[in-house]
Each structure stands twice: as C-alpha cells, then as structure tokens.
Amino acid sequence: MHLYLLSLTMIVVTTITMRFYQRRAEEFRVGVDDGGRERAKLRAGLNSAIVSEKPNVKWSDVAGLESAKQALQEAVILPVKFPQFFTGKRLPWRAFLLYGPPGTGKSYLAKAVATEADSTFFSVSSSDLLSKWVGESEKLVSNLFQMARESAPSIIFIDEIDSLSGQRGEGNESEASRRIKNEIFVQMQGVGTNNDKVLVLAATNTPYSLDQAIRRRFDKRIYISLPDLKARQHMFKVHLGDTHNNLTESDFESLARQSEGFSGSDISVCVKDVLLEPVRKTRDAMHFLKTREGLWVPCGPEQPAATLITMQDLAAQGLAEKICLPPITRSDFNKILARQRPTVSKSDLELHERFTKEFGEEG
Ligand SMILES: Nc1ncnc2c1ncn2[C@@H]1O[C@H](COP(=O)(O)OP(=O)(O)O)[C@@H](O)[C@H]1O
Ligand SMILES: [Mg+2]
C-alpha cells in the first residue's frame, strides 16, 4: 500500500515537473555531466522538488496590495532592467517576507512576480523539503542556491516557511528542519559567494511562529492584509470576468460593502459558486421562453409567452444546444452571500496586526 502511494506520488510529481519545465531547467540537466555523480543525483532531486514555471498571473490580476506590489517591483524589475541604478551603497532588497492571514494572495502575488519578472523563478515548498528529502534536504538547499546563482538574476520562493520553524531551543524542532534552516541562513548570507542577483521571497500565514533568526534574515517584511473595500470590488469583477451578467457598478460597490472581512480566496470561492447559479436555475426550471433567435431561456411561470417544459424535455426534442443560460444577477450573489462567512477569524487578524506593529510593514 505504502509502495503504491509512493510510486503514485512520484508519478504525480514527475508529471507536474515535466509540465512546468522551462528552458533553464533543461540547461541544467544537460550541464550535470561535468558536475560529478552525487551532484547530478541531487540536481535530479532538485528538478523534481522545484517548479520553475511561468504562471500566467499578471500584476493587474492581483487586487489591492499596492505597496507590496511596488516594493516587489522595486526589488525584481528595476534592478534587472536598470542595473546601473543599483551600484555602490544603493542595493536592491534581497530578502522579502510576505505574511498575513490565509487566502490573502501571498502565493498568488509570488506567481505574479514569477510571471512579470525577467528572472529565473524557483519555487519550493518547505513542507516538501521536509517530507520528501529527509537527510538530503540541506544539500538540496545549497544546490538550489547554486543553481539560482548560476542562472541569475533569479528568485527563490519558499512558501510556508513557518513549517521550518519550531521555536528554537524547544524540543519539538526536528533535526531536519534545523539543518535546512541553517543551510538557508548560510546561503542567504552568501559568505564568499556572489549572492547579488538572487532574491529570496518567502511567505507565511503565521509570522509570529517564526523564530527570531528567520525573521531577522528577512529584512523587508510586508503585511498582506485582508482586502479593503476597493480591492474587494475589483475582485468581484475580476473573478466574474466576461461571464454574462447584468450587474451595475453600484451592484459591485454594494457587494464589496457586504463582504467585509472576506479574504481574496473567500471572494473567489463565492464567485465560483455564483457562476453555477444560472446552471442550477436552468436545471430546475419548469418554464422556458423561446427567443426570436430560436434559443430557449429559463423563466418564471408569470411570463406571458412561457412554455411549460423542462431542460430534459427540450434535450429530448434535440434542442439541447439551443438552451441558453440566464445572466448572473444581483440576487444570485445575495443567495450565496447569505450562507457564506469569512474564514479569517478576528483573533487571527489581531495576531497579524500585533506582529505588524512590532516587526512589519503595511503592504
Ligand atoms: N489580492 C488578490 N487579488 C486577486 N485574487 C486574490 C487575491 N488574494 C487572494 N486571491 C484569490 O484567492 C486565491 C488564494 O490565494 P493565495 O495566494 O493562495 O492565498 P495565500 O495568501 O494563503 O497564499 C488566489 O488563487 C486568488 O484566486
Ligand atoms: Mg499560500
């Protein structure tokens, strides 16, 4: 059973990696011949632990978070485009920590960085490092940094960095995570190496659980907070996209007011549900209206020209493809919003705000 699960995991990991492979990663595989056996093995391991991808998320897809976006652009776009700006004492940021409640767009923002930056992007999850590479993790980390330096300018994104942290000195910190962490520290200091063009970006939902040593390594710490009114309005629009709807600007405004406390991910879940409402309405409709173009749209019985018929009946008459979904309405949103609650609790928010006062910076 275990073996079966293990091989299944391997297949999944391999498939994902193959899909996301980029030219850079290919170059590395070609280049391993001269690097000795062990290194080749590690790099092969790295290749399956790291996703070097260009996801298709643009700056403009990320709602709100203006100052976080600006700071990241400062760190990843300008130094690559205009290296002459950053000479002497003026250095770009080298280590960023994005923190905030879950579902606020930290991983999403990192994807935007990967898409928009002209750098090689390495994405690694700390829990993966811990679970899949027991014993070899720290060598993996040093190889990761080396690969990043060789393909500079590059960005290393470490998601869920908190999983590497147990409070230092407490018995619960595993030997493996301690060693990985130390290796990350050493690499970030880049003693004797040219670390100039490697940016380390990390994200966490629980910044207060990071130990002091990790916290200190990330000199730029940005709070990714819950979206404000304007950002929520923008998110409803973005997630709805060009789906047929009859919402007005003021509908979007009132949706934003109604969704106080929602995270970006809450809003995306809400809209996903709303998008299905027209399908449900059509499935359950007892009456349809035939349009001038010969299309069938569900309607209420009070419609003068309504025909008493169901979707299944229409399909049985060979009219399946003539059935049209009704537009999304404000009341579809009301129905879904009435049963959805924000996922981020008040107490979690307070913890983040306290951390921000002490160590952070508003994003
Ligand atoms: N600021 C945002 N702008 C647009 N979409 C967002 C934003 N924040 C969250 N989302 C939506 O919620 C989903 C989950 O966000 P994610 O980045 O995974 O959250 P986390 O902060 O926990 O890493 C994203 O894939 C996106 O669809
Ligand atoms: Mg995340």
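**Helix packing and the ligand shell**

Entry 1. I looked up where H11 touches H12, and found Leu 229, Arg 232, Gln 233, Phe 236 and Lys 237 of H11 meeting Phe 252, Glu 253, Leu 255, Ala 256 and Arg 257 of H12 (contact: C-beta atoms, placed from the backbone, within 7 Å; helices: DSSP runs of H or I, at least four residues, numbered from the N terminus). By class I have 5 nonpolar, 1 polar and 4 charged residues in this contact (nonpolar: Ala, Val, Leu, Ile, Met, Phe, Trp, Tyr, Cys, Pro; charged: Asp, Glu, Lys, Arg; polar: the others, Gly among them).

I note that this is a predicted model, where local features need pLDDT of at least 70 and side-chain atom pairs count only at pLDDT 80 or more, while totals for chains, interfaces and linings use all residues. Residues are numbered from 1 along each chain as its sequence is written, with chains lettered from A and ligands numbered from 1 in the order in which they are written.

Entry 2. For H11 (residues 229–240) and H12 (residues 249–258), I read axes that come within 8 Å and cross at roughly 120 degrees (axes: lines fitted to C-alpha atoms over the stretch in contact; angles: 0 to 180 degrees between N-to-C directions). H11 is therefore oblique to H12 (under 35 degrees is roughly parallel, over 145 roughly antiparallel, 65 to 115 roughly perpendicular, the rest oblique). Their crossing is right-handed (near helix turned clockwise from the far one by less than a right angle; anticlockwise is left-handed).

Entry 3. I turned to H13 and H15 (residues 330–338), whose axes come within 9 Å and cross at roughly 130 degrees. These two helices are therefore oblique to each other, and their crossing is right-handed. H13 brings Cys 270, Asp 273, Val 274 and Glu 277 to the contact, and H15 brings Asp 332, Phe 333, Lys 335, Ile 336 and Leu 337. I sorted the contact into 5 nonpolar, no polar and 4 charged residues.

Entry 4. H8 (residues 137–150) and H9 (residues 175–189) pack at about 20 degrees, with axes 8 Å apart. H8 is therefore roughly parallel to H9.

Entry 5. Which residues come nearest to ligand 1? Of the 17 around it, I list Gly 105, Lys 106, Ser 107, Tyr 108 and Gly 264 (near: C-beta atom, placed from the backbone, within 6 Å). H6 (106–116) and H13 (264–284) each supply at least two residues of this shell. Domain 1 (2–224) and domain 2 (229–343) each give at least three (bounds from an automatic or database domain assignment).

Methods: Contact = placed C-beta atoms within 7 Å.
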